[in-house]
Amino acid sequence: MRAYERLIKYTEFETGSDENNLNCPSSPEQLKLAEYLVSELKGMGIDNATVDENSYVYAKIPANSETITGKTIGFIAHLDTISDVEFRNVRPKVIENYDGNEIVLNEENKVIMPPLEKYKGCSLVVTDGMTILGADNKAGIAEIMTMAERLMNDPTILHGEVCIGFTPDEEINRGAERFDIVKFGADYAYTLDGGDFGQVEYETFNAVNAKVTIKGKSVHTGTAKQGGMKNANNIAMEFDSMLPENERPEYTEGHEGFYHLMDVTSDVEKAEMRYLLRDFDSTKIKIKRAMLEKVAEFLNTKYGNGTVKVELFDRYQNMAEMILPHMHLIENAKEAVKNAGGEVEVCAIRGGTDGAQLSFMGLPCPNLGTGSGNHHGRHEYAVVEDMDKAVEMIINIVKAYR
């Protein structure tokens, strides 16, 4: 079975994670997909495949030669998709010999994907325009599973022990929290988590999440001046206006960080805002943390102590410092891409992966592109030919570590 066919099969599982559910996994469909993958792995002859109560999947492909003495390499992808955009009832379709023009995903609802000219002549997996595809990260799962099938069925590919891991709840920053590195058993690993085929990534943001709570005071509008109304709606807007406007996601790129206002719930008496603070530079992320605290301090002086409360939560760090001592991971990945017929693009991840946390847990773990794009939106796609190349790429990595 080819990787894209597996991707289409896996879209049947509605695995959107739920940040409001503190259970692990945060949605039951993730466990269903995990159990399905274990069954599929065992069907390939990988009898040690297991899933625990938290939906973490572990499997090991045994070495097929006694003479192999290399390091043990592993590959990881995540089970969940985002749930901010509709993720249920996915209807994937394959556009063969794509003409390079805009794609009408849904004529009735006027959902049109802009041209993807560089994929002219390729086959694309897309949706009907009403949901995400879920290639983030089911394309990665499909490629790892296809690699596993190849290794189990082709004795001419000599390899050492190869580890496979699938995690829940990566999209809500919990994917690595309960990952058992000892049980996984690899010396080094790679995540396959989104992006163009050929991308090799070992830099991530330093990530901080923030919750801002504003306490207002409701007074009848006719006597608001005498009664000392404090409108939490207005104070929330004032808080946000004091952050640098040019450091929002829509105005940044490359190695530039940002403040991102995720959501606001408010009325006159109370407002809550959630922010993402992101920066590649460890000093600059500290500045962003301090900026929120300074704004809160100013507004508390203006409106009274206790009006504004800022809570900061560290999520993950830039994994570059943990990968730099192991740059063979990057060099071997680059060669693997080239040998699979791709062009290498070493780039920074403007986001995070499980690999960021795993690297700081002691498992150096850069990320590889899966041949998919437009993630987290209705224009999401996967390139059939690039998914095939991604499978060849990870097999080439397996060979490099034998």
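## Cavities

The second largest cavity has a lining made up of Lys71, Ile73, Gly160, Glu161, Val162, Val398, Tyr401 and Arg402. A cavity here is a set of points, on a 1 Å grid over the protein atoms alone, where a 1.4 Å probe fits but cannot get out, and lining residues have an atom within 4 Å of a point. By class, this second lining holds four nonpolar, one polar and three charged residues. Ala, Val, Leu, Ile, Met, Phe, Trp, Tyr, Cys and Pro are counted as nonpolar, Asp, Glu, Lys and Arg as charged, and the others, Gly among them, as polar. The volume of the second largest cavity is about 30 Å³; a volume is the space filled by probe spheres set on the points, with grid points joined across faces, edges and corners.

The largest cavity has about 50 Å³ of space. Thr11, Phe13, Glu14, Thr15, Thr81, Phe87, Val90, Ile132, Leu133, Gly134 and Lys138 line the largest cavity, and they divide into five nonpolar, four polar and two charged residues. The search of the whole structure finds two cavities of 30 Å³ or more.

## Basis of the model

The model is predicted: local features need pLDDT of at least 70, side-chain atom pairs count only at pLDDT 80 or more, and totals for chains, interfaces and linings use all residues. Residues are numbered from 1 along each chain as its sequence is written, and side-chain values use heavy atoms, with hydrogens and water left out.

## The sheet

Eight strands make up an open sheet of mixed pairing, in the order S1-S2-S8-S3-S9-S16-S10-S15. At its edges are strand S1 (50–51) and strand S15 (345–348), each of which pairs on one side only. Strands (E, at least two residues) and helices (H or I, at least four) are DSSP runs, numbered from the N terminus, and two strands pair if DSSP finds at least two bridges between them. Strands of a sheet pair through backbone hydrogen bonds, either parallel or antiparallel.

Strand S10 (residues 199–203) shows both arrangements: two bridges join S10 to strand S16 (residues 367–368) in antiparallel fashion, while four bridges join S10 to S15, and those two run parallel. Val200 has Val346 as its bridge partner in S15 and stands opposite Leu368 in S16. Glu201 has Asn367 as its bridge partner in S16. S10 is largely enclosed by the rest of the structure, because four of its five residues are buried. Buried means under 20% relative accessible area, exposed means over 50%, and partly exposed is in between (1.4 Å probe, protein chains only).

Helix H3 has 19 residues and reaches 26 Å from its first C-alpha to its last, close to the 27 Å expected at 1.5 Å a residue. That expected span is 1.5 Å times one less than the number of residues. H3 is mostly covered, with 15 of its 19 residues buried.

Ile141 sits in H3 (residues 135–153) and is buried, at a relative accessible area of 0%. Leaving out residues up to four places away in sequence, Ile141 touches Tyr10, Leu33, Leu37, Ala77, His78, Leu79 and Phe166; contact means heavy atoms within 4.5 Å. Ile141 and Leu37 are 104 residues apart in sequence, and their C-alpha atoms are 9.1 Å apart in space.

## Helix H6 and Asp240

Asp240 belongs to helix H6 (residues 232–241). Asp240 is buried, with a relative accessible area of 18%. Not counting residues up to four places away in sequence, Asp240 touches Arg248, Leu261 and Tyr275.

## Backbone positions to check

Two cis peptide bonds can be located in the model. One runs from Cys24 to Pro25, with omega near 5 degrees; Pro25 lies in the loop between helix H1 (3–10) and helix H2 (28–43). Another joins Asp136 and Asn137, with omega about 25 degrees, and Asn137 is placed in helix H3.

Ser55 is not a glycine, yet has a positive phi of about 80 degrees. Ser55 is in the loop between S1 and strand S2 (57–61) and counts as buried at 0% relative accessibility. Asp169, also not a glycine, has a positive phi of about 60 degrees. Asp169 is in the loop between strand S8 (162–167) and helix H4 (181–184), and is buried with a relative accessible area of 1%.

Conventions. 1 Å grid on protein atoms, 1.4 Å probe; cavity = no way out; pocket = protein on both sides within 12 Å on 5 of 7 lines; lining within 4 Å.
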